[in-house]
Structures are given as C-alpha cells and as structure tokens.
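Open the model in your viewer and keep the selection tool at hand. The tour goes from the ligand to its surroundings.

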Amino acid sequence: MAQENKQLKPNFGKGNNNKPGNKGPKISIYWIYALIGILLIGYSLFHKDIPNIARTSIQNFQENMLAPGDVEKISEISDKNVVQVYIKKDSLFKATYQKNFPGIKDNQGSPLFQFQVTDWPSFQQSMRDFYTANPTVAKATEVVDTDNPWYANPIVNIILPVLMFAAIWLLFMRKVGGGGAGGAGGGIFNIGKSKAQLFEKGTKVNITFKDVAGLDEAKVEVMEIVDFLKSPKKYTNLGGKIPKGALLVGPPGTGKTLLAKAMAGEAQVPFFSVSGSDFVEMFVGVGAGRVRDLFKQAREKAPCVIFIDEIDAIGRARGRNAMMSNDERENTLNQLLVEMDGFSGETGIIILAATNRPDVLDSALLRPGRFDRQISIDRPDIKGREDIFKVHLKPIKTSQTLDIFKLAEQTPGFAGADIANICNEAALIAARKGKDSVEMIDFQDAIDRVIGGLEKKNKIISPDEKKIIAYHEAGHAICGWFLEYAYPLLKVTIVPRGSAALGYAQYTPKEQYLYNTDQLMDQMCMTLGGRASEQIFFGKISTGASNDLQQVTKSAYSMITVYGMNPKIGNISYYDPQQDSSFTKPYSEETGKLIDEEVRNTIQKTYERTLELLTEHKEDVEKLAQALLKNEVLFKSDVETLIGKRPFEENKASEIDLVDNESHENQNGTVSEGVPPFDPGLNPLPATEA
Ligand SMILES: Nc1ncnc2c1ncn2[C@@H]1O[C@H](COP(=O)(O)OP(=O)(O)OP(=O)(O)O)[C@@H](O)[C@H]1O
Ligand SMILES: [Zn+2]
C-alpha cells in the first residue's frame with residue numbers, strides 16, 4: 001500500500017539551532033570538571049613539589065656524609081635551591097653512618113637527604129672551599145636538575161589515570177543518556193532530567209499554521225487550547241473546568257507533529273516538546289524521573305503547553321499477563337498519570353500528545369481528567385491534498401502547465417508525508433532528466449514510484465509472463481468496473497516496479513468510515529479478480545496473486561473475528577488491541593476451527609462469484625488485456641473508450657472522493673465505537689491491487 005512510505009519526518013525539536021532553553025546547567029558541570037583537571041595538571045607541572053625526605057644542613061652534609069665518602073651523588077634542583085643527596089648502598093651499614101643518622105634506611109635509589117641553599121654561586125663557593133680544606137675527600141658527582149620529571153610526580157601519577165577514567169566514564173554515560181542532543185538531556189548527571197525542548201514565548205519558529213495545509217478544525221481546536229491558557233477566567237467563570245490534555249489522533253504522516261510544531265510558533269506561551277521514546281531508558285526509574293522533571297520545569301513556566309509526540313511509546317496499556325509486562329515503561333506511565341492528577345486546570349499546564357495508535361493506549365490515560373479531548377487528524381481529502389501539494393510545491397520549480405488538482409486526484413489515500421515525498425521525488429526525477437522545470441510526467445513517475453517502488457526498466461519479463469500479468473491486472477480492473485461497491489478504477493499498469501509488484505491497478509477509495517457486508521464482499525471479489533482471470537484464460541494459476549490472497553485472507557478474518565459479520569460465529573468480536581501476545585487465543589479450539597472453516601468458505605464463495613463475473617465479461621477482459629499489452633498503462637478514460645461507461649458511475653460519481661465534506665462530520669468526534677481505528681492490519685480495503 002502506498003501509505004507505508006518513507007516520511008520526511010521533521011526531527012522536531014532536536015538539532016534545532018535556535019535552542020532557547022536549557023543553556024546553562026548542561027555545559028557548566030563539564031566546564032567545572034575540565035577546570036579542575038587543568039588546575040591539577042598545571043599545579044603538578046609547575047609546582048614541582050619536593051618529596052618528603054629527611055632535611056639536613058650543608059654542614060651536616062659536608063662533615064658527616066661527604067667527608068666519610070658516603071655520598072654517591074648529589075642532585076641540584078635549580079629552580080628550588082634544593083640539593084638532594086644520594087648515599088652509597090654500602091655506606092648505609094657503616095657504624096659512623098648508623099650513629100649519625102639512626103633509622104634512615106635505603107630509599108630504593110631515591111635521595112635520602114635534602115638541604116636548602118641560599119643561592120647557587122654561594123653553594124658552589126662553599127663546596128670549593130670544602131674541597132680545598134679537605135683535599136683527600138673525593139668530589140661528589142653533581143647532577144643538575146635531575147628532579148623528577150613531571151610524569152613521575154606522584155600527583156600526576158595518580159590524578160591522570162583517574163581523570164582519564166572519569167572522562168571515559170562520562171563519555172559512556174553521555175552515550176547511554178541519549179547523546180544529549182535536545183534540551184538538557186545527556187550525561188550521567190542529567191540522566192533523570194527530562195529531554196524536553198523548550199520553546200519560549202517569542203521564540204522565532206520557522207513553521208506556522210500557513211505551512212500546515214487543511215486540518216482547519218484541528219487548528220481551531222489547538223488554538224482553543226492556547227486560549228484556555230491565556231484567559232482561563234473566560235471559561236471557568238461559567239463553572240467549566242479547563243481540560244488537562246488533548247490527544248492528536250491520526251494515521252502516520254498526516255501532520256500531527258507538524259501541527260504541534262506550528263502551534264509552538266503561534267501560541268506565544270512556553271512550549272515543551274518531547275517524544276515518548278525520550279522517556280525510555282535502560283535504567284530502571286529513569287523514565288519516571290524524567291516525567292517528574294518535565295512537570296517540575298513546566299510548573300515553573302506555567303502557563304505552558306507540554307507536547308508529547310508518539311505517546312504510545314510510554315502510554316501502552318499496562319500488561320495484564322506478568323510475563324509480558326514491562327516494569328520500567330509502566331513506572332513511567334504511572335508517573336505520568338500521577339503528575340496529570342497532581343495539577344488542576346488552574347495550574348496552567350495543558351498536555352498535548354500525538355499518536356497513531358489510540359487503541360493501544362492505557363484506558364487510564366484516556367479517561368476524563370487526563371486526555372479528555374481527542375482531536376482526530378485524518379488523511380486529507382482531495383481538497384486537502386490539493387492544498388498540501390500547494391505547500392510543498394512552493395520551493396519547487398514547476399512547469400506552467402502543471403495541474404495541481406489532477407495531482408490531488410491521482411493520490412487518493414495519500415497522507416501529507418506521502419505528498420511531500422512525491423514532490424521531492426518529482427523534482428529529483430526531473431533533475432536527473434536534465435529538465436529546467438518539473439512537469440506533470442515527472443509527478444506521475446514519482447507517484448508510481450511511491451506506490452510501487454522503482455521502475456525496473458531492464459527487468460526482463462518474458463512475453464508469456466507479460467501476458468499473464470496483463471490478464472491478471474485486467475481481471476482486477478474489470479471486476480472493479482462491474483461491481484457496484486468496488487472502488488472506481490483510477491489506472492492500471494503492467495510496468496514492473498520494485499521487487500514484488502509486476503503491475504498494479506489503482507483505485508479511488510471513497511472516504512467512508514463504515515462498511516457493510518456487501519461492500520466488503522465486493523472488495524474481496526475485486527481482489528481475487530487477478531487470480532480468477534488467470535484461471536479463466538490460461539486454465540492454470542500463478543504465484544502472482546500471493547499479495548492479493550494475503551489481503552483477502554486478512555479481510556475475511558477481520559470480517560469474521562473483528563466485525564462479527566459471520567452468521568455462524570455471530571455478533572462477536574475477538575479484537576483486543578491491548579492483547580500483547582498472540583499465543584493466547586481468546587476463543588476455544590473448537591471456535592478456532594469454525595473460524596478457519598468459515599474463512600475458507602467465505603473466500604471460496606467469493607472466488608466462485610468472481611469467476612462467474614469474469615466469465616460473463618470475458619470479452620471485456622480480453623480487450624483490456626490486449627490494450628495493456630500494447631500500452632502498458634491505461635487510465636480510467638482509456639478503459640471507458642474501450643468498454644463503455646461504468647454502469648454504477650451515474651449515481652455514484654458525486655460520492656467519490658470529490659464531494660465528501662459531509663462525511664467529515666466526525667472529524668472532531670471521538671473514534672467511532674466498534675470499528676478499530678487506524679490499524680492497517682485491520683483495514684480491509686486496499687487502494688491498490690498488485
Ligand atoms: N497537512 C499538511 N500540510 C503540509 N504538510 C504536511 C501535512 N501533513 C503532513 N505533511 C508533511 O508530512 C511530514 C510528516 O508529517 P508529521 O511528522 O507531522 O506526521 P505525523 O502525523 O506526526 O506522523 P507520525 O504519526 O508518523 O509521527 C511533514 O513534515 C510535512 O512535510
Ligand atoms: Zn493482483
């Protein structure tokens with residue numbers, strides 16, 4: 001499906017150059033450490049401390065060491081006016097020495113005595129005098145400045161390894177702490193600190209509501225939240241309570257993060273932005289600590305908004321079976337619940353969170369008093385897509401003739417992120433071709449590429465295979481054409497793309513929230529059209545239908561076990577989004593057997609129906625397949641000229657995609673009950689058919 005495409009996800013908050021908050025504490029602790037290190041090294045380099053060895057005087061030295069011939073050598077530490085004396089090993093045992101210096105023993109090659117001199121010339125003079133007075137005394141070897149080199153200094157010796165160890169440790173903790181890219185994060189000292197990025201009042205953010213196309217209702221809701229903060233009296237005067245939180249709910253890539261980012265720019269209140277995964281850490285208790293810290297900071301800045309992106313990372317329902325439970329995440333969630341209870345509406349903190357899986361969230365989060373409001377953000381309709389195209393085409397040099405509305409028409413079911421992706425791809429494709437503006441054809445290529453992957457020009461497909469693919473796709477297309485509830489065809493192609501899709505048919509999905517059995521059955525029929533066509537025209541089936549079969553199987557299972565649409569199973573739904581484990585089935589073995597049987601029955605019956613339909617319209621399939629072999633791509637208009645207008649078009653035309661503003665009534669409502677929202681695995685209706 002097209003929706004699972006790469007998104008140009010803005011790295012909200014992180015890597016932002018104008019980081020307003022949290023400048024101070026992060027740096028200072030490291031500076032202090034570095035300073036201490038430098039001081040210590042400097043001290044030991046310049047203050048060459050004299051080791052603690054016995055002090056003596058020059059007379060004592062000359063009379064009791066030099067005169068008896070016990071001195072091995074002397075070393076002169078010139079910058080300190082100190083002379084150190086080394087005694088011969090043998091002399092240590094002489095009676096005279098033992099008598100004069102009781103208790104002073106061998107020092108393992110180090111000097112045993114030292115004495116201070118007033119200055120070097122007078123010391124040297126005194127030595128010369130002594131030698132002339134005692135001509136028999138052997139002159140002592142003099143070594144100048146053999147004081148300990150700086151690295152042998154015990155202080156450096158101990159401090160350096162400690163410092164190095166500390167540095168490595170800090171580096172390691174920094175890594176663990178998440179790099180500290182945003183806000184006050186990172187580092188062992190900040191590990192319990194929230195990583196939220198603060199956008200202060202008046203910060204220039206380069207994203208405004210103008211950059212968010214469509215989503216008008218959501219914008220209003222979001223601005224109302226800011227209004228709550230700015231003039232709470234207006235609301236509380238009538239006895240109302242100000243909500244504590246709102247949840248932005250919608251499929252991936254529909255602009256939830258973008259909207260929040262724009263809100264930060266427009267709100268003019270302090271705005272903390274953090275991602276759910278920022279709370280998650282390998283150490284127990286860190287997540288809870290970060291939540292606590294976040295709220296502490298928020299209370300200081302109140303009135304303010306806290307935005308938690310991808311809240312499902314911490315908000316998942318707390319496990320019910322002990323085996324699968326995740327203590328750390330639960331602690332974090334509990335702390336969040338506690339904090340949300342801990343302030344009242346008057347505190348002036350409102351929490352905004354975004355998720356695309358509201359169904360997996362812990363129900364405690366959703367109950368009134370916490371995230372009381374849900375703001376749903378849907379995939380854009382045709383008007384919305386046109387607007388989003390306009391936003392993303394702004395920086396792109398397009399040709400004068402580009403029809404933006406056509407682009408919107410050709411991208412049903414695409415989210416904002418997909419559209420951003422298409423615009424970018426189109427520009428790249430045009431650039432590769434050396435054009436000086438981006439044309440419609442480049443956009444078409446980009447759309448194909450986003451749906452089906454890269455075009456494989458040199459993928460060698462034998463003529464036989466190509467024929468099978470053409471009839472397969474024609475089968476899909478004809479089924480869709482003659483089934484009342486199937487989506488109208490948009491285009492069908494047999495240009496091979498990506499690794500899997502050898503061709504595909506693209507439809508215009510209707511924006512609808514409820515499906516009845518007939519509609520689901522027609523969709524399944526259409527999905528099976530490829531295989532049925534192969535069966536009819538070649539008498540044998542191929543592996544080309546595996547995607548279709550997966551899709552059909554999924555739909556059939558959902559119909560029976562989720563939507564309670566099978567009379568034998570009854571009005572029962574076994575759907576439980578919060579069931580972590582697929583090991584335990586919520587039904588008995590017998591029911592399991594029955595479900596399998598019914599799934600098989602349903603698919604078999606649908607397949608028979610498809611065969612019937614295609615046999616009836618065999619000639620049309622033939623025509624379409626031949627045209628596909630010739631042209632490779634057919635648009636809806638081409639099909640119309642080949643086989644005539646679609647029989648159900650007249651009464652349905654107005655419904656498709658173009659005019660559906662009424663169906664947006666529940667845009668702001670809560671998610672309708674009974675239909676599990678936004679689970680791609682449960683969505684039975686694909687917009688393309690491989
Ligand atoms: N309504 C929109 N107007 C303009 N651009 C949009 C819109 N919706 C999405 N986009 C584009 O798609 C990108 C991704 O959107 P965003 O990250 O906000 O989606 P999301 O809903 O937060 O997705 P997810 O749930 O995966 O986090 C945006 O950076 C923007 O370029
Ligand atoms: Zn198919």
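**Around the ligand**

Select H392 and ligand 1: an N or O atom in the side chain of H392 is 2.9 Å from a nitrogen atom of the ligand. This is a polar contact, meaning a pair of N or O atoms within 3.5 Å.

The model is predicted, so local features need pLDDT of at least 70 and side-chain atom pairs pLDDT 80 or more, while totals for chains, interfaces and linings use all residues. Residues are numbered from 1 along each chain as its sequence is written, chains are lettered from A and ligands numbered from 1 in the order in which they are written, and side-chain values use heavy atoms, without hydrogens and water.

Next, select E310, where a polar side-chain atom lies 2.7 Å from an oxygen atom of ligand 1. At T254, a backbone N or O atom lies 3.2 Å from an oxygen atom of ligand 1. The protein covers 94% of the 630 Å² of accessible area that ligand 1 has on its own (Shrake-Rupley method, 1.4 Å probe).

Now show the shell around ligand 1, which has 10 nonpolar, 8 polar and 4 charged residues.

**The listed binding site**

Select G250, P251, P252, G253, T254, G255, K256 and T257, listed by UniProt as "binding site" in an unreviewed entry; such annotations may be inferred rather than shown by experiment.

Is P251 buried or exposed? P251 counts as buried because its relative accessibility is 4%, and buried means under 20% relative accessible area, exposed over 50%, partly exposed in between (1.4 Å probe, protein chains only). P252 is partly exposed, at 36%.

Technical notes. Polar contact = N/O pair within 3.5 Å; in protein donor to acceptor, adjacent residues only side chain to side chain. Nonpolar A, V, L, I, M, F, W, Y, C, P; charged D, E, K, R; others polar.
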